[in-house]
Amino acid sequence: MDFDKLTETMRKLSLEAGDIIMEIYNSDDFEVKSKSDDSPVTAADEAADAHISAGLRAAFPDVALVTEEQADSHSVTANTFLIVDPLDGTKEFIHRRGDFTVNIAYVEDGAPRRGVVYAPAKGRLFYTNAAGVSVEEVGGLDKDTIGTTVPISVSKPDNTGLMVVASKSHRDQATDDYINKYSVNDMKSAGSSLKFCLVATGEADLYPRVGRTMEWDTAAGHAVLTGAGGHVVRFDDHMPLAYGKEDFANPFFIAYAPGIDLKLP
């Protein structure tokens, strides 16, 4: 894989998809439909997906592509593939809360090696550079020219007072029960894959997910967190979270900064 080309392509497509999403987000009204699993989908999901998929297929025609919005891609069997969630946090989008993201990742041998997470309503862009180091780009976010990038890094956690981030839309008692195993200094909630990015930047130490997710929900954030020195492991046995699983469904997981005394369920 040409990682310079991959980084530039994923970055540009995420910014262009962000423009498509924001045009619909800022419109007076948009239709919300339900998919077969009763999850919501909007014209923004579909338009962003079409744009990203076309761009990735043109740039990397020999690499398998898996995307949330194309059901026929969910039967792909591969250890190395591109994976896309064009609009993660559709509920946040529908309620105009701003915590939604564009997610594009490259999985190699079952692990997310590169990824981009763009939160267009917040103007925050996180990605792995060609060397696999995670950065946040600041400034005007010009589509054709990479601007000022700031390397990001996980925190050095204090186990006597951790910063924990949890889901805004999927918080439940099981999540709270697990969080209560730790000494927590502060809690924050966030939507979509931004939770991975908050751990990657050191704004949080720990993100446990006790709930259903799919690989396209997590791959890009996982890659960004890995490139910032963090880890993502299965909730049950603390083994690394792997990709390319049947149906692309994830087990429960924990994203964290090294140094945390991880608790078993």
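These legends describe close-up views of a predicted model. Local features need pLDDT of at least 70 and side-chain atom pairs count only at pLDDT 80 or more, while totals for chains, interfaces and linings use all residues. Residues are numbered from 1 along each chain as its sequence is written, and side-chain values use heavy atoms, with hydrogens and water left out.

**View 1. Helices H1 and H2 pack against each other.**
H1 spans residues 3-25 and H2 spans residues 43-59. Helices (H or I, at least four residues) and strands (E, at least two) are DSSP runs, numbered from the N terminus. The packing angle is about 160°, and the axes lie 9 Å apart. Axes are lines fitted to C-alpha atoms, for helices over the stretch in contact, and angles run from 0 to 180 degrees between N-to-C directions. H1 and H2 are therefore roughly antiparallel. Angles under 35 degrees count as roughly parallel, over 145 as roughly antiparallel, 65 to 115 as roughly perpendicular and the rest as oblique. H1 contributes Lys 5, Thr 9, Leu 13, Glu 16, Ala 17, Ile 20, Ile 21 and Ile 24 to the contact. Among the H2 residues in the contact are His 51, Ile 52, Gly 55 and Leu 56. Contact means heavy atoms within 4.5 Å. By class, the contact of H1 with H2 has 12 nonpolar, three polar and two charged residues. Ala, Val, Leu, Ile, Met, Phe, Trp, Tyr, Cys and Pro count as nonpolar, Asp, Glu, Lys and Arg as charged, and the others, Gly among them, as polar.

**View 2. UniProt places a "binding site" feature (unreviewed entry) at Asp 85, Asp 88 and Asp 217.**
These residues are spread over 133 residues of sequence, yet they cluster in space, with a largest C-alpha distance of 6.5 Å. UniProt positions are given in the numbering used here, feature names are shortened, and annotations may be inferred rather than shown by experiment. Asp 85 lies in strand E4 (residues 81-88), and Asp 88 is found in strand E4 too. Asp 85 counts as buried at 0% relative accessibility. Buried means under 20% relative accessible area, exposed over 50%, partly exposed in between (1.4 Å probe, protein chains only). Asp 88 is buried at 9%. Leaving out residues up to four places away in sequence, Asp 85 touches Glu 68, Thr 101, Val 102, Asn 103, Trp 216 and Asp 217. On that basis, the contacts of Asp 88 include Asp 99, Phe 100, Ser 192, Ser 193 and Asp 217.

**View 3. A UniProt "binding site" annotation (unreviewed entry) covers Glu 68, Asp 85 and Leu 87.**
The largest C-alpha distance is 9.2 Å, across 20 residues of sequence. Glu 68 sits in the loop between strand E3 (64-67) and E4. Glu 68 is buried at 18% relative accessibility. Beyond four places in sequence, Glu 68 is in contact with Lys 35, His 74, Val 84, Asp 85 and Trp 216. Leu 87 lies in strand E4 and is buried at 1%. Its contacts beyond four places in sequence include Ile 21, Ala 44, Phe 93 and Phe 100.

**View 4. Another UniProt "binding site" feature (unreviewed entry) lists Glu 68, Leu 87, Asp 88, Gly 89, Thr 90 and Asp 217.**
This set is spread over 150 residues of sequence but clusters in space, with a largest C-alpha distance of 12.4 Å. Thr 90 is in helix H3 (residues 90-94). Thr 90 counts as buried at 9% relative accessibility. With residues up to four places away in sequence not counted, Thr 90 touches Pro 40, Val 41, Thr 42 and Asp 45.

**View 5. Leu 141 has a positive phi without being a glycine.**
The phi of Leu 141 is about 55°. Leu 141 lies in the loop between strand E8 (134-138) and strand E9 (148-151). Leu 141 is buried at 13% relative accessibility.

**View 6. Ser 192 has a positive phi, near 55°, and is not a glycine.**
The loop holding Ser 192 runs between strand E11 (184-190) and helix H5 (194-200). Ser 192 is buried, with a relative accessible area of 11%.
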